[in-house]
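Work through the following exercises with the sequence and the model side by side. Each task is followed by a solution in steps.

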Amino acid sequence: MNINNKIIESAKRTISIEGNSILNLIKSIDSNFVKAVKKIHKSTGRVIITGIGKSSIIAKKIVSSMNSTGTPAIFLHSVDAIHGDIGIIQSNDIVICISNSGNSSEIEALIPSIKTFKNYLIGITGNKESYLAKMSDVIISTYIKKEACPNNLAPTSSTSAQLAIGDAIMVCLLELKNFKKMDYAKFHPGGTLGKKLILNLGMLADKNPKPIVKKSTSFKELIIEISKNRLGASVVMEKKKIVGIVTDGDIRRIIEKTDSIKNITVKNIMSKNPFTVNKKMLAYDAINLMKLKSINHLIIIDNKNNYYGIVHILDLINEGINEEQ
């Protein structure tokens with residue numbers, strides 16, 4: 001077998017073994033699993049998740065997922081815990097301990113303190129006969145037949161199983177809390193996801209100038225107004241009402257049709273009765289609307305239908321907002 005085929009076969013075997021290990025976890029979704037999830041859901045405290053080695057890395061990921069979906073969680077390394085950091089655990093906190101073997105010396109040193117503090121202990125382990133399993137208030141099994149490692153040593157299938165169980169717990173809690181998109185966005189305000197769910201047109205318009213011309217504005221004055229504000233368009237207003245819009249495209253078209261622009265005013269160029277949207281419209285909805293209507297500008301109005309500003313499609317793209325695929 002050449003090296004290319006060997007690599008492909010090795011990767012496929014790894015994924016197959018880990019995939020089957022995860023599928024076998026369906027057997028672990030039993031009354032114990034339900035009991036653990038309900039206990040966390042009803043708790044007024046936090047979830048403290050601890051582990052050692054590769055299990056500690058999985059614990060960190062589960063903590064991160066819980067925090068981002070409305071379940072307060074803290075990672076506590078088992079080694080640090082037995083050297084003073086166990087003080088982070090409060091009386092109403094629930095502790096989840098992750099260990100494939102369930103018999104590591106650090107786990108055996110930590111659990112008595114947890115039991116002394118009378119915290120509820122959920123054990124996630126691949127060994128139902130382990131010390132962790134015997135000392136836990138409830139056990140969730142992550143038993144696997146073998147690691148994907150050919151030597152059956154490197155944590156592969158076992159950590160995949162732990163991660164899947166952690167995700168299952170997190171999703172159950174998310175659904176029990178009726179956690180919605182906007183709730184999720186509150187915990188992700190800085191990234192593209194947060195912008196997609198929170199950023200509205202008013203926020204974008206606030207960053208832009210408000211170009212305004214009248215029907216009687218000359219062609220030269222119109223060019224100056226549009227160039228000065230760098231939005232490629234200007235709103236046309238009469239008596240504080242929006243009556244039209246002029247874009248770069250409108251200007252190009254009139255130049256193509258006319259030999260002389262001397263007597264041209266905005267009235268001759270503008271598009272009447274322009275499309276407007278409320279400033280509360282989400283940027284994500286706006287970019288899909290603009291794509292649908294094949295327009296590059298949106299006139300933004302406030303709740304009283306007053307002119308609020310202009311948003312260009314590049315404003316959305318520059319914020320990382322893309323249309324729905």
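The model is predicted: local features need pLDDT of at least 70, side-chain atom pairs count only at pLDDT 80 or more, and totals for chains, interfaces and linings use all residues. Residues are numbered from 1 along each chain as its sequence is written, and side-chain values use heavy atoms, with hydrogens and water left out.

**Exercise 1. Describe the overall form of the protein chain.**

Step 1. Count the elements, taken as DSSP runs numbered from the N terminus (helices H or I, at least four residues; strands E, at least two). The protein chain has 15 helices and 12 strands.

Step 2. Compare the radius of gyration, taken over C-alpha atoms, with the globule rule, 2.2 Å times the number of residues to the power 0.38. The radius is 30 Å, well over the 20 Å that the rule gives for 325 residues, so the protein chain is more spread out than a compact globule.

Step 3. Along the principal axes, the C-alpha atoms fill a box of roughly 90 × 60 × 35 Å.

Step 4. Classify residues by relative accessible area: buried is under 20%, exposed over 50%, and partly exposed in between (1.4 Å probe, protein chains only). Buried residues make up 43% of the 325.

**Exercise 2. Work out the layout of the sheet that contains β11.**

Step 1. Strands pair if DSSP finds at least two bridges between them. The order is β10-β11-β12 in an open sheet of three strands with mixed pairing. β10 (276-278) and β12 (307-312) are the edge strands, each pairing on one side only.

Step 2. β11 (residues 297-301) pairs with β10 in the parallel sense over three bridges. In this pair, Val277 stands opposite Ile300.

Step 3. Helix α14 (residues 283-293) touches β10, β11 and β12.

Step 4. Check the cover of β11. His297, Ile299 and Ile301 on one side, and Leu298 and Ile300 on the other, are all buried.

**Exercise 3. Locate the nonpolar cores.**

Step 1. A nonpolar core is a set of buried Ala, Val, Leu, Ile, Met, Phe, Trp, Tyr and Cys residues joined through side-chain atoms within 4.5 Å. The largest has 26 residues, and Met66 is one of those touching the most other members, as are Ile40, Ile49, Ile96, Ile122, Ile140 and Ile169.

Step 2. Elements giving two or more residues to this core include α2 (31-42), β1 (47-51) and α7 (157-176). α3 gives the most, with five residues.

Step 3. Beyond its neighbours within four places in sequence, Met66 is in contact with Val47, Ile49, Thr71, Ala73, Ile96, Ile169, Met170 and Leu173.

Step 4. Apart from this core lies another, of 17 residues, among them Tyr284, Ile287, Leu298 and Ile321.

Note on methods. Contact = heavy atoms within 4.5 Å. Axes fitted to C-alpha atoms, helices over the stretch in contact; angles between N-to-C directions.
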